[in-house]
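Subject: Structure handover

Hello,

Please find the structure below. My notes on what was found in it follow.

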Amino acid sequence: MRISFTGPGCSGKSTLLKKCREHYGDRFDYVDEVTRPALHSGLKINEDGDSNTQLYILEQHIRNDSLDNVIMDRCIIDGLVYTNWLHTEGKVSDTVQSTYDKAYKELVNNLDIVFYTSPVQLEDDGERSTNTKFITDIEWMFENVIWSMETCDESPLVIHLQGDVETRFNYIKIAIEQHEHSTIG
C-alpha cells in the first residue's frame with residue numbers, strides 16, 4: 001500500500017506522519033518530506049526554487065515510487081504543484097515542467113490513498129515561506145490538482161483532512177482500515 005500526505009506548506013503533513021509512525025510502528029515504512037533535504041543540500045526551496053531544486057525533488061519522488069507499504073510526507077502531486085508555480089514565475093524551464101507533467105501521469109496512479117491536508121496556522125520556522133501571494137497561489141493550485149484527481153476514475157482515493165490533529169488522524173485510521181479490508185476480500 002502506498003499512502004501519501006499532500007498539501008501546501010504548514011498543513012500538518014509532518015505532524016500526521018509522526019502520528020502514523022507512533023501508531024503503526026514498523027507496519028509501514030515512512031518517508032519524511034523531500035523539500036527540507038533539498039534546502040540542507042544547498043538548493044533553494046519554496047518561491048526561490050529553480051529547475052535544479054525541482055529535478056532533485058523529482059528524483060526523490062521517483063525513488064519513493066519504488067517503495068511498497070509506505071506512508072510519505074509528500075508525493076509527486078506536491079512536486080507538480082510547486083514546479084508548475086515556479087514555471088509560471090519563469091524559475092523552472094519548460095523542459096523541467098514537461099518532465100514533471102509526464103512523471104505525474106506515470107506516478108500518481110501508483111498511490112492508493114492520498115490525504116489532502118488543508119492549511120493550518122502558519123508557523124515561521126525559518127524554512128517555510130511566509131510570502132502571502134506564494135502561499136495563496138500554491139493553495140489554489142493544490143485545490144485544482146486535487147479536484148482534477150477527484151473527477152478522474154483512475155486516480156487514487158483522495159481524502160480531505162480538516163480539523164485538529166486527532167480528528168484528522170481518526171480519518172486516516174479509518175481510511176487505512178477500509179482500504180485494507182477492501183483489498184483482502
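A residue is called buried under 20% relative accessible area, exposed over 50% and partly exposed in between, with a 1.4 Å probe and protein chains only. By that rule Phe134, at 4% relative accessibility, is buried.

The model is predicted, so local features need pLDDT of at least 70 and side-chain atom pairs count only at pLDDT 80 or more, while totals for chains, interfaces and linings use all residues. Residues are numbered from 1 along each chain as its sequence is written, and side-chain values use heavy atoms, with hydrogens and water left out.

Confidence

pLDDT is the predictor's confidence in each residue, on a scale from 0 to 100. The chain has a mean pLDDT of 91, and 94% of its residues reach 70 or more. Among the elements of the chain, the lowest mean, 90, belongs to helix H2 (residues 35-40), and the highest, 98, to strand E3 (residues 70-72). Helices (H or I, at least four residues) and strands (E, at least two) are DSSP runs, numbered from the N terminus.

Sheet

Five strands make up an open sheet with parallel pairing, in the order E2-E3-E1-E4-E5. Two strands pair if DSSP finds at least two bridges between them. Strand E2 (29-31) and strand E5 (157-161) are at the edges; each has a single partner strand, so one side of each lacks a neighbour in the sheet. From one strand to the next the twist averages 15°; axes here are lines fitted to C-alpha atoms, for helices over the stretch in contact, and angles run from 0 to 180 degrees between N-to-C directions. Strand E4 (residues 113-117) runs parallel to E5 and is joined to E5 by five bridges. Thr117 has Leu161 as its bridge partner in E5.

Aromatic rings

Rings of Phe, Tyr and Trp (its six-membered ring) pair if their centres lie within 6.5 Å; planes under 30 degrees apart count as stacked, over 60 as edge-to-face and the rest as tilted. There are six aromatic pairs in the structure. One of them is the tilted pair of Tyr82 and Phe134, at 6.0 Å centre to centre with 45° between the planes. This pair links distant parts of the chain, with Tyr82 in helix H4 (residues 76-88) and Phe134 in helix H6 (residues 132-150), 52 residues apart. Tyr82 and Phe134 are both buried.

Trp85 and Phe134 form an edge-to-face pair, because their ring centres are 4.7 Å apart and their planes stand at 80°. This pair also joins H4 to H6, across 49 residues. Trp85 is buried at 5% relative accessibility. Ring pairs connect Tyr82, Trp85, Tyr116, Phe134 and Phe142 into a cluster.

A charge sits over a ring if NZ of Lys or CZ of Arg is within 6 Å of the ring centre and within 35 degrees of the ring normal. Lys19 is placed in this way over the face of Phe169, 5.4 Å from the ring centre.

Cysteines

How many disulfides does a search of the whole structure find? The search finds zero, a disulfide being a pair of cysteine sulfur atoms within 2.5 Å. For Cys20, the nearest cysteine sulfur is that of Cys75, 14 Å away. Cys20 is buried at 0% relative accessibility, and Cys75 is buried at 3% relative accessible area.

An exposed site

Glu22 is in helix H1 (residues 13-24) and is exposed, with a relative accessible area of 55%. Its C-alpha atom is 30 Å from that of Met149, which is 127 residues away along the chain.

Regards
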